[in-house]
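Hi everyone, thanks for coming.

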Amino acid sequence: MTTEQKDPPFTQVVLETGWLLIAVLAPLWINLWGSQPFDPAKISLVRWLIWVMGAVWLGTLIGNRLSVNGKPITEHESPVTGHGSRIAAYRLPVTMPLLALALVAILSTVTAVNPNLSFWGSQERAYGLLTLLSYLLLALIVATRLHRLAQARLLLGAPVATAVPLLFLSALQWIGHDPFQLVTDARSPIYAMLGRANFVGAYLALLLPLTLVLALSTTNRLAQIGLILLALGQLAFVGLTLARAAWLAAGMGLLVLLIGWVWPQLSQMGRRRLAIGTGLLLTSGGLLVLRGFLLVDAGSIAARRTIWRATLTLIGERPFLGYGLDSMGIQFMRVFPPELVYYQGRQVFVDRAHNWLLDTAVTLGILGLIATLWLWGMVFWWGWRALRQAQAADDQNRRLLLLGCLAALVANLAGNLFSFDVAPTAVTSYLLLGVVVALTGDESYSVVGNGYSAPPTQYAMPNTLTKWLTAILIVAALVGGWWGNGRFLQADMAHQHSIQMAQQGNLAEALAASQQAVATWPQSPAYWQQLAQVQGAQSNLAAAAEAWEQVLTIRPQDPTFWTAKAQFYTSAVGHGQAVGHGQLDALPQAEMAYAQAAALAPNTARLHAAWGHLYLLVGEWETAVAHLERAVDLDATDPLAWSLLADVYAAQGEEALALAAWREAERWQVAGGR
């Protein structure tokens, strides 16, 4: 019998504290002083914590491989299990798919249409290479350093506990008392601390199975009642979010949990009947969803169908490694279906396919999709295997925790067939991935074999080299965390301050804040755009031109920035401003920017309407008519395009055409113009 050993106290405290903080902060942390208070802020803080954890983990991993109490340990003589599994992370069942996914993500980023974007992630999502690699590292740390059931229960309890403040905030927002006073465009006013109702619903649906298994596994009656009430609250607010993907997620999670709970108690005949009934339920439900998906020609269902069709076109153009992480937004506009504005409005920016299979394929290619399916396939295979082992060993607590983790993961993947991950759901999913692997219970792979309850009797005593190596790695993680995460948070707060000062008319303060933002985080085109806008408001168009050059050097493939530049110079034309002498100097800049934007987004109606407005300002009626007629062809419900077209017709003396256009503008203005 081998002597059980655990990490040095400092290491264990750092790692356990780290993953508990991450589980809590991912849903609850928001940066109210930044322009992006939700996902980018959450991800920046989570990444920083993961890097510090990774430094401690790597330092002790190397040190434990070299020495335990001064005696080298071999790969096959780990003091934990006798099989070397604690230090030989490569023997975990998920290590190879994790490495494969990491390798594909790196290759995809190197070959991406915009490697800088794919490395850092977009301004709105921050889901770039750094984020994905951090999530994979987090899963690996948990899988190799979770030692006992008590740790697993505590780790699952941390995200469940976050449901309490989230439900409280959701209730306040539901009744119209929003303490944050932030804007949401969802049907439900609920956004808690996640940014949107559907994100709240997805996260609560993921927590629902975890809450129930904690209730089932506790012996404290009061705690059990509290957890059941919490689960009921989660279920109620999943419904109130009005997010159908979250409803699907909650239903699938509860179904898996129910089947897993009753399965061991059934006879062979009962299991066969349950399997047949479940199959019929899923088949009939799937057929109903498919029928609605194919026949409904309005709302979010039609929008999803249209987006998926366009996404398949993109995948076909770059099938192997995709366009790079967070790159769909700048590529989707090339294949933007004009009818999409009728289903979801013209203000919605599409940067996700709303289906995790398509999202993975378009960003990481077919190779990335294969690696992702391999990873989740291994997780569910080993989780199912561990459930059977726990049942055979009559290990009820371990079986319940495994069942809750697997049900939660199924819920999230099912919901993401019609949605996408945000920071809280993604972070929790990778934490659960690590927990499942750690609880597999096979001595060849798991952290502690089958001996979860035995207390540690021996500590690894790192040598001097290990201590220094760990210290150096921690310092590097702190410095790198500031460089890759802290600077962004600081710059984003300066950017938000610039926006607020500009709105108040304090252009000097706005300029200083914008300059601070671009100096601190120069890779953000949005910060350079704000600087250009402020400089333009100060009539310093020469400096603004330089800022626009920076914007489009960073993101040349993005039609939204080309359109913003064109509108900037259109405004200069309208006000008679100029870079050099007279308004005609601004006109070529606007024309060039509109042309580039139209090449990148040929089917965007509002772009052509804005382009037509430019020619309306300078009196080029025929060119204006061409662009405005193109705009109403692409979007026949846009009152702005119709009213501009009426103005041009009137200027040309075409009174009948002008009257008809005015009537269309009035008609769609009354109807809301979508």
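Let's start with helix α6 (residues 149-174) and helix α7 (residues 197-217), whose axes cross at roughly 130° and come within 9 Å of each other. Here helices (H or I, at least four residues) are DSSP runs, numbered from the N terminus. The axes are lines fitted to C-alpha atoms, for helices over the stretch in contact, and angles run from 0 to 180 degrees between N-to-C directions. So α6 and α7 are oblique to each other; angles under 35 degrees count as roughly parallel, over 145 as roughly antiparallel, 65 to 115 as roughly perpendicular and the rest as oblique. The crossing of α6 past α7 is left-handed, meaning that the near helix is turned anticlockwise from the far one by less than a right angle, while clockwise would be right-handed.

Before going on, a word on the model: it is predicted, so local features need pLDDT of at least 70 and side-chain atom pairs count only at pLDDT 80 or more, whereas totals for chains, interfaces and linings use all residues. Residues are numbered from 1 along each chain as its sequence is written, and side-chain values use heavy atoms, with hydrogens and water left out.

Now, what does α6 do with helix α1 (residues 9-28)? Their axes come within 9 Å and cross at roughly 25°, so α1 and α6 are roughly parallel to each other. This crossing is right-handed. On the α1 side we find W19 and L20, among others, and they meet a set in α6 including L155 and P159.

Between α6 and α7 there is a loop, and A186 sits in it. A186 and R196 are 10 residues apart in sequence, and their C-alpha atoms are 6.4 Å apart in space. Leaving aside residues up to four places away in sequence, A186 touches R196 and A197.

Further along, helix α19 (residues 525-537) and helix α21 (residues 559-574) pack at about 0°, with axes 11 Å apart. That is why α19 counts as roughly parallel to α21. From α21, the residues F561, A564 and F568 take part, meeting α19 residues that include A532 and G536.

Finally, salt bridges: a side-chain nitrogen of Lys or Arg within 4 Å of a carboxyl oxygen of Asp or Glu. The count comes to 9. One of them pairs E339 with R309, with the closest N and O atoms 2.9 Å apart. E339 lies in the loop between α12 (328-332) and α13 (340-344) and R309 in helix α11 (residues 299-317), so this pair ties together parts 30 residues apart in sequence.

Key. Helices (H or I, at least four residues) and strands (E, at least two) are DSSP runs, numbered from the N terminus. Contact means heavy atoms within 4.5 Å.
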